[in-house]
Amino acid sequence: MTSALPESVAGTWQRAGTRQGETSVLIASITAETTVYEPVESAAALAELGPADIPLRSLFTVETTFSPSLSTVGVSPASALSKAAPKAKDQFVETVENDGLVVEDTREEHAFERPDGTEGRWFVLDVAYPLSPDLETDRDRLAAETNVAIWPTDDAYGMAGGTLPLEAPPGDADALGVDPERDRETIAELIRTVDPNGASE
């Protein structure tokens, strides 16, 4: 089951699609199903921006499955977080780059704590969103930011985050509602409350 959005944003965001990727960590393979969401109100404006399949303003949740399970090989998700988090982040980067987003650098990485006391890792990525050549602008991309958080669960890892624009394309500021602080708070609320097993806390 794919993770649900928290109630506070569920009515104003809609599913934009799912992507699946595979990687490996330690002796297990990881299948990650990423569900991407976009704001209902500005979905049409976002779709006109460029060829990327991932919306410029978006949220995502990831359901991870390990084979064999970590418990089978005697590894707890919390103890392997330092190895699993960078791997999971790299897999996510590969997924969104395949969708057309340009990931330029990891701006920062830090620990964070969920309300239940679970400690995870939070990555902030500098990204660029390619613009459609049909737009009347001399720019070919917009500066954006992607937040990726990873934390251990009982059997695997939870992942969630989102992408937000740092600037507006000419003439589209009102349609996109560019507001980095608001978007960062929405992403943070998702990360604090989403349950990777499909229900928000």
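**Arg57 and its surroundings**

A: Set aside the neighbours within four places in sequence, and Arg57 is in contact with Trp13, Tyr37, Glu38, Pro39, Ser42, Leu46, Thr163, Pro165, Leu176, Arg182 and Asp183 (contact means heavy atoms within 4.5 Å). Before going on, a word on the source: this is a predicted model, where local features need pLDDT of at least 70 and side-chain atom pairs count only at pLDDT 80 or more, while totals for chains, interfaces and linings use all residues. Residues are numbered from 1 along each chain as its sequence is written, and side-chain values use heavy atoms, with hydrogens and water left out.

Back to the arginine. Arg57 sits in the loop between α2 (43-47) and β3; helices here are DSSP runs of H or I with at least four residues, strands are E runs of at least two, and both are numbered from the N terminus. Is Arg57 buried or exposed? Its relative accessibility is 8%, so Arg57 counts as buried (buried is under 20% relative accessible area, exposed is over 50%, partly exposed lies in between, with a 1.4 Å probe and protein chains only).

One name on that contact list deserves a second look. The side chains of Arg57 and Asp183 are joined by a polar contact of 2.8 Å; such a contact is a pair of N or O atoms within 3.5 Å, where within protein one must be able to donate a hydrogen and the other to accept it, and residues adjacent in sequence count only if both atoms are side-chain atoms.

Now follow the chain into β3. That strand covers residues 58-67, and Thr64 is in it. With a relative accessibility of 12%, Thr64 counts as buried. A polar atom of the Thr64 side chain is 2.8 Å from the backbone oxygen of Tyr157. Residues up to four places away in sequence aside, Thr64 touches Ile30, Thr31, Ala32, Ala156 and Tyr157. Then comes a backbone detail: the peptide bond from Ser67 to Pro68 is cis, with omega near -5°. Pro68 itself belongs to the loop between β3 and α3 (81-98).

Gly11 lies between α1 (7-10) and β1 (13-25), and at 69% relative accessibility it counts as exposed. Its C-alpha atom is 26 Å from that of Val124, 113 residues away along the chain. Pro115, in the loop between β4 (102-113) and β5 (119-130), also counts as exposed, at 60% relative accessibility. Towards the other end, Asp195 falls in the segment after α5 (180-193) and is partly exposed, with a relative accessible area of 23%. Asp195 and Pro6 are 189 residues apart in sequence, yet 8.8 Å apart in space, C-alpha to C-alpha.

Finally, the whole chain. There are five helices and seven strands, arranged along the sequence as α-β-β-α-β-α-β-β-β-β-α-α. The radius of gyration is 17 Å, close to the 17 Å that the globule rule gives for 201 residues, so the chain is as compact as a globular protein of that length (taken over C-alpha atoms; the rule is 2.2 Å times the number of residues to the power 0.38). Along its principal axes, the C-alpha trace spans about 55 × 30 × 30 Å. Of the 201 residues, 49% count as buried. Take the contacts between residues at least 6 apart in sequence, and 63% of them join residues at least 24 apart.
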